[in-house]
Amino acid sequence: MTTGEKFDRVARTDRTFERRGGLWVGKCLICNGPIAFDARTGEGATLEHIRARSRGGTEDLTNLALVHGSCNHEKGRRWDPRRRRSQQDYDAFVDRLLARRLERWRDDPGPSPPSRPR
Ligand SMILES: [Zn+2]
């Protein structure tokens, strides 16, 4: 799977996202703010492992989300041991994001039909 295909599959299974021409437009899982990215390359968003791979997170679609680069970075900082955030706080945060991903879940409707001239 290419990066673009992976982004595409996550957007398909998140009901805040809709296709607008060559773009997917939806909401960042972390801040809920508007986010748009190129459907082919994924440019404009970053793919987030909600539960980090280093902490047992999987490549399952329910563990993947599309987020702003800045939000992804900020989440990383929250788990920086130098900031002494408690592990409990971090786990609660991850649990909230996983729950939000499931709230937004929709079954993959499959590839969009090619656009036809009217
Ligand atoms: Zn965001």
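**Figure 1. Salt bridge between E59 and K6 in the predicted model.** The closest N and O atoms of E59 and K6 lie 3.1 Å apart; a salt bridge is a side-chain nitrogen of Lys or Arg within 4 Å of a carboxyl oxygen of Asp or Glu. E59 sits in the loop between β4 (46-49) and β5 (64-67) and K6 in helix α1 (residues 3-12), so the contact ties together parts that are 53 residues apart in sequence. Helices (H or I, at least four residues) and strands (E, at least two) are DSSP runs, numbered from the N terminus. E59 is partly exposed, at a relative accessible area of 40%, and K6 is partly exposed as well, at 27%. Partly exposed falls between buried (under 20% relative accessible area) and exposed (over 50%), with a 1.4 Å probe and protein chains only.

**Figure 2. Salt bridge between R51 and D95.** The N to O distance between these side chains is 3.3 Å. R51 belongs to the loop between β4 and β5 and D95 to helix α3 (residues 87-103), distant parts of the chain 44 residues apart. R51 has a relative accessible area of 26% and D95 one of 43%; R51 is partly exposed, and so is D95.

**Figure 3. Salt bridge between R20 and E18.** Here the closest N and O atoms are 2.8 Å apart. R20 is partly exposed at 49% relative accessible area, and E18 is partly exposed at 41%.

**Notes to all views.** The count of salt bridges comes to 7. Residues are numbered from 1 along each chain as its sequence is written. Local features need pLDDT of at least 70 and side-chain atom pairs pLDDT 80 or more, while totals for chains, interfaces and linings use all residues, and side-chain values use heavy atoms, without hydrogens and water.
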